[in-house]
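Here's a quick briefing on charged pairs and ligand contacts. Have the model open while you read.

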Amino acid sequence: MNTYSDIKYIKGVGPKMAENLNKCGIFNVLDLLLYFPRDYENISVHKSVLECMDGEKVIVECSVLNILRDIRLKNNKTLSTIVFCQGDNKFKGKWFNQMYAKNSFKISSKYIITGKVNIFKNEITIMNPKIVKNTSMDTNKIIAKYPIKKNVTNNFFNKIISDVLCNIEIVDNLPEWIVKKYCFCSLSDATHNIHSPKNIELLNKSKKRLKFQELFTYSLKILMLKEFMKDHNAGIQFKIAPELIVLKQQLPFELTKAQSKVVREILIDQKRDKAMNRLLQGDVGSGKTIVAIITMFNVVKNGYQAALMAPTEILAKQHYEEIQNVLKNFSLNIQILSGSTTPKNKQLIKQELKNGVIDIVVGTHALIEDNVEFNNLGMIVTDEQHRFGVSQRNRFSNKGKNIDILVMTATPIPRTLSLYLYGDLDVSIIDELPPGRQKIDTSYESMGSSSKVYEFAIKEIMKGRQVYIVCPLVVENEEMKLSSVEMLYEKLKKGQFKFIEIGMIYGKMPSKLKNEIMDKFKSGEIKALISTTVIEVGVNVPNATVMIIENSERFGLAQLHQLRGRVGRGQYKSYCILLANIKNKIVRRRLEVLIKSNDGFYIAEEDLKTRGAGELFGIKQHGESGLILADVIEDIDILKLANKEAKQLIQSDNIEDMRLKDEIIEKIEKSSSYICFN
Ligand code: ADP
Ligand code: MG
């Protein structure tokens, strides 16, 4: 067995289980070893049952004194009971609806058992006791808890991972001088202890080593990339097209100072003989799209093609319409390519992209399919970058030679962090909103007051405005008492919104239906739109003035800010009402950040205090970053060290270090010449 052995050949994993594991993203032994526990359970080993505390999970030694007869309870459950003893101390073991559990025990025999303690009126009970074999009674146990998915239990993970660990040799991969300098444990020890920790101290030591390792590799990648780009970033020298002046006069509005500044920065990049790699940050509604349009226009007027990729179909369509509108007097060929483009049209568009008839193409990830080829692509723009994985972007940038890349995002990233995260990128920031925007009136209400809130929404609708209602779930979930799109839609349709046209929309809906509903909302036919966060990014319906968010406590602040940004886009006074469990002080305090501030940067920083950066910027979801345990904010101190040592390694002329460096370069060259992220 080696780290790349397919999971299905491991003992104890049949084809069926292999499929289940695949669903957890586990395909080979390495994936399995990198499937880290999400938490740990501490099991106390007690010599005497009297040491047990209520609610604690314990391991105790005992003998069976008596096995009682099962009792049928009023609620139709069956209660089985065994009386255990430890010297003179008696306690009970109980099971509900598990009539066979007690059969593993014999009167007068000795066992080591484990279970959760319940103490009531000085009487000790262990619930659902299980026999543990092959265990010593000398130290407390720490049991890994894995993020489990359907059909794969925690026990299974624990068993299979410990089997694998017994049969595999793990070779260290950090330079020896680093391991020595920081007194890190070996990679092998770290891997063993992250999965089945001998004690808390070793667990913490392992975590530290693994986090360092992740951040070190991450830093190396970024630094190497920077070096690599120095030699490989020849670019197209675009001219400043005279038509830009005409376009500027025809814009539907005057650019803000910040927009003009950013347009200038991009045009300067375009003029240089180096390829542009720029990140454009700007709060929701700051007007990033027009910047993309103007600069794409310049590329087109230089005789090249430009492409814009959006994360959702709704957004792609919206951009397409805006581009067509802004550039309507220039007789350009502008097309949209997305999931719902008919096969016939798709074929035609692909043909025209290839022979250069199309000037600008807008699309979703359909744009990066292998058979989409360009005649002479000069610039690509990806909107809302945090929604795309790195590999997707890479595939896109490989569609042309030396193309300029602009990545736009509304998620503000604090400067200190962007230096480490996007070390090789230039950053432009739009730090002002277009004039005349009114502050969105933001407030919170308890979930119980929702009908009052809907009443308010109806009043706005009567004035001719429109409303969004966002829920955390699509369908109802019995365990979590949260609003779901379907349930709320049914409820409102029959109830308060009986005489009002409403619609619902969520990510998994067929695209055709999604487009239809979105069109109806845009045209004003649908007055209230009940949705999930699919509408979070970029959607622009200026007539919508009320944003109601159900169970707001379920969302991050930055996300709530994005959602709020869907209203207040026109001339009308707008409102954002956060329904939440406001009895909870922490919830109230978080929501107050939004009520107080409209500044995306400030809100993101506050959000960082309560949530990890990985979660906030979607870094972790992208497996490509290699960050599993480490969080760039929480572990910023480790990140700084890792960065320092990575620089050291790059400069080192030690043979072993040089070999390691070459390995990384090779990986970079293989994947793409344009990995700008992670
Ligand atoms: P975002 O940065 O969130 O992507 P958009 O590009 O969608 O923002 O712009 C938001 C809205 O503001 C759009 O309706 C756009 O037409 C409008 N807008 C952009 N720039 C200006 C401006 N300088 N003056 C007035 N309105 C503008
Ligand atoms: Mg946008």
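R209 is buried, and its relative accessible area is 0%. This is a predicted model, so treat each value here as computed from that prediction. The partner of R209 is D172, and their side chains meet in a salt bridge at 2.9 Å, N to O.

**R209 and D172**
- R209 sits in helix α6 (residues 200-232), while D172 is in the loop between α3 (154-166) and α4 (176-181), so the pair ties together parts that are 37 residues apart in sequence.
- D172 comes out as partly exposed, at 33% relative accessibility, whereas R209 is buried.

**Other salt bridges**
- Searching the whole structure turns up 19 salt bridges.
- One of them joins E123 and K92, with 3.7 Å between the closest N and O atoms.
- E123 belongs to strand β7 (residues 123-131) and K92 to strand β5 (residues 89-96), so this pair ties together parts that are 31 residues apart in sequence.
- Both ends are partly exposed: E123 has a relative accessible area of 41%, and K92 has 26% relative accessibility.
- E490 and K494 also form a salt bridge, their closest N and O atoms being 4.0 Å apart.
- These two are four residues apart in helix α15 (residues 485-494), which means that about one helical turn separates E490 and K494.
- E490 is partly exposed, with a relative accessible area of 38%, but K494 is exposed, at 61%.
- K317, E321, D519 and K522 are linked in a salt-bridge network.

**Around ligand 1**
- Which residues come nearest to ligand 1? Of the 17 around it, they are G285, K288, T289, R437 and N540.
- Sorted by class, the shell around ligand 1 holds seven polar, six charged and four nonpolar residues.
- G285 uses a backbone N or O atom, which lies 2.6 Å from an oxygen atom of ligand 1.
- T289 brings in its side chain, with an N or O atom 2.6 Å from an oxygen atom of ligand 1.
- Q259 also contributes a side-chain N or O atom, this one 2.9 Å from a nitrogen atom of ligand 1.
- On its own, ligand 1 has 570 Å² of accessible area, and the protein covers 87% of that.

Key:
Residues numbered from 1 in each chain as written. Chains lettered and ligands numbered in written order. Predicted model: local features only at pLDDT ≥ 70, side-chain atom pairs only at ≥ 80, totals over all residues. Heavy atoms only, no water. Near = heavy atom within 4 Å. Polar contact = N/O pair within 3.5 Å; in protein donor to acceptor, adjacent residues only side chain to side chain. Areas by Shrake-Rupley, 256 points an atom, 1.4 Å probe, with all protein chains shown as cover. Nonpolar A, V, L, I, M, F, W, Y, C, P; charged D, E, K, R; others polar. Buried < 20%, exposed > 50% of the residue type's maximum accessible area, 1.4 Å probe, protein only.
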